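This note is meant for a colleague who is meeting the structure for the first time. The points below may be read alongside the sequence and the model.

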Amino acid sequence: MDLDKAHTLLTSKTPQFNTRLLGQQAYRQKLIENLSLDSQGRPFKIMVFRGSPKSSRKSIRFVDELRQEVAAIFEKDCKQTPYRCIPKGEKRVLDAPRLRNDYYSNIMSWGINNILAVALGPELYLWNSEDQAVHKLLQVRGGNDWPTSVTWSEDASTLAVGYMCSNLQLWDVESSKLIRSLQGHSGRIASTAWNGHILTSGSRDKFIINHDVRAANSLASCIKRHADEVCGLKWSTEGNRLASGGNENLLYIWEASKMSSSKFLHRLSDHCAAVKALAWCPYQNNVLASGGGLSDGCIKIWNTEKGICINNIETKAQICGLEWNRHHKEILSGHGYSIRENQNKLCLWRYPSMTKVGELGNHKSRIINLCQSPDGITVISAGADETLRFWDVFGPPTAGAGNSMVSDLQGLLSFRTSLLR
């Protein structure tokens with residue numbers, strides 16, 4: 001236990017302290033390394049007083065060095081994953097006179113031919129986004145009928161138009177000619193959706209009809225499960241499932257292979273108002289987003305494989321449209337009436353956390369519809385203020401955008417500004 005004597009025995013080379021075992025140089029060196037050096041090969045000190053001013057200054061320098069290292073790591077991460085600048089205003093505004101203030105209508109569609117089709121009262125117009133040319137495709141005569149749903153086919157060769165008085169028409173846009181009329185409904189057709197050669201329509205008569213547009217007798221299947229108007233329809237990207245939303249607050253998931261038997265995959269009753277806004281996730285094919293009306297105001301994310309709600313966000317406003325961002329994991333919601341917040345706004349949400357990234361909106365009245373450009377960068381909002389507003393909200397990351405936002409970790413701990421003393 002005499003440390004001084006032990007050290008002398010190990011380090012002294014005088015004959016009187018060398019024993020038979022310690023006289024061996026290799027053995028002596030091994031003992032010195034184990035007793036006088038730590039695991040890192042540095043001199044080992046016993047019973048050093050850590051509260052001395054010198055030691056305290058050293059510990060402060062060590063903390064500063066550690067903080068600088070962590071800050072450098074955060075800066076590197078930020079450079080690797082730059083943030084986008086969310087636009088403060090719209091890129092373009094188009095006047096849309098006589099655009100009807102009808103929550104249930106779906107009066108816009110942007111085809112892969114880069115032509116926007118939009119119904120304005122009894123007229124339907126085509127706007128070419130490349131040369132900004134405007135062409136009037138049709139006008140309904142008489143005051144009791146007008147287009148209530150507009151949808152391009154997947155190849156943009158045909159435009160489907162549903163009407164207030166239950167008509168459903170297919171138009172060849174290049175020739176501006178009516179191809180054919182499809183029968184089967186007895187009420188307003190407010191929702192239509194394409195799945196290859198199948199056109200699905202939903203009506204106030206509570207029916208969902210699948211039309212095979214290749215056949216002379218186009219009626220492929222007719223389903224009545226909704227107890228009120230069918231106001232939302234959306235086929236999945238793979239075309240194997242259909243989502244339908246109703247004015248009785250119900251959401252149904254259908255399998256394409258079983259629709260002729262009227263057997264649904266899931267019946268989801270979590271919403272408290274009409275389910276119009278529907279959007280399938282582009283990077284998770286079994287995930288669906290749905291939005292409820294004014295009394296509900298919730299965005300719900302569904303696992304359609306299991307039929308369960310995996311996330312729920314209260315927006316506190318009527319949800320009139322949903323669009324997924326194909327370039328980033330985000331979803332955009334368009335809102336109408338509200339008694340609290342987000343009225344007439346566009347809200348951008350990060351997926352899957354569903355934290356709000358930001359909000360946009362200069363509409364003076366509620367948003368009726370949303371649709372997305374073929375390249376997935378621009379979103380158009382149609383408002384009851386009779387305007388169409390173009391937002392470049394889904395663009396890819398831009399250089400230097402990191403300065404416009406603060407990372408989540410930097411928001412909690414700013415290693416550049418706080419001092420630990």
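1. A pocket is here an open set of grid points with protein on both sides within 12 Å along at least five of seven lines, and its lining residues have an atom within 4 Å of a point. The model to which this term is applied is a predicted one.

2. Overall composition. The chain holds four helices and 28 strands. Of its 421 residues, 47% are buried. Among contacts with a separation of 6 or more, 46% are between residues 24 or more positions apart.

3. The largest pocket. Its volume is about 1,300 Å³. The lining comprises 44 residues, and those nearest the centre are Trp110, Thr151, Lys234, Trp235 and Glu323. Two or more lining residues come from each of the strands S2 (108-110), S6 (147-152), S10 (189-195), S14 (230-235), S18 (275-280), S22 (319-325) and S26 (367-372). By residue class, the lining consists of 21 nonpolar, 17 polar and six charged residues.

4. Serine 236 lies in the loop that links S14 to strand S15 (241-246). Is this serine buried or exposed? Serine 236 has a relative accessible area of 5%, and it is therefore buried, since the cut-off for that class is under 20%. Residues up to four places away in sequence aside, serine 236 touches Arg241 and Trp280.

5. In soluble globular proteins, nonpolar side chains tend to be buried together. In this model the largest nonpolar core has 32 residues, and the members that touch the most others are Met108, Leu116, Leu124, Leu126, Leu159 and Leu388. Strand S3 (residues 115-120) supplies the largest share of this core, with six residues. Another core, of 16 residues, lies apart from it and includes Ala277, Ala279, Ile301 and Trp349.

6. Surroundings of leucine 124. When neighbours within four places in sequence are left out, leucine 124 is in contact with Ala117, Val118, Ala119, His135, Lys136, Leu137, Leu138, Val150, Leu159 and Val161. Leucine 124 and Leu159 are both among the core members named for touching the most others.

7. The S8-S9 hairpin. Strands S8 (residues 168-172) and S9 (residues 177-182) run antiparallel and are joined by five bridges. Tryptophan 171 has leucine 178 of S9 as its bridge partner. Four residues separate the two strands of this hairpin, and in the turn serine 176 shows a positive phi of about 55°.

Methods:
Residues are numbered from 1 along each chain as its sequence is written. This is a predicted model: local features need pLDDT of at least 70, side-chain atom pairs count only at pLDDT 80 or more; totals for chains, interfaces and linings use all residues. Side-chain values use heavy atoms; hydrogens and water are left out. Two strands pair if DSSP finds at least two bridges between them. On a 1 Å grid over the protein atoms alone, a cavity is a set of points where a 1.4 Å probe fits but cannot get out, and a pocket is an open set with protein on both sides within 12 Å along at least five of seven lines; lining residues have an atom within 4 Å of a point. Grid points are joined across faces, edges and corners, and a volume is the space filled by probe spheres set on the points. Ala, Val, Leu, Ile, Met, Phe, Trp, Tyr, Cys and Pro count as nonpolar, Asp, Glu, Lys and Arg as charged, and the others, Gly among them, as polar. A nonpolar core is a set of buried Ala, Val, Leu, Ile, Met, Phe, Trp, Tyr and Cys residues joined through side-chain atoms within 4.5 Å. Buried means under 20% relative accessible area, exposed over 50%, partly exposed in between (1.4 Å probe, protein chains only). Contact means heavy atoms within 4.5 Å.
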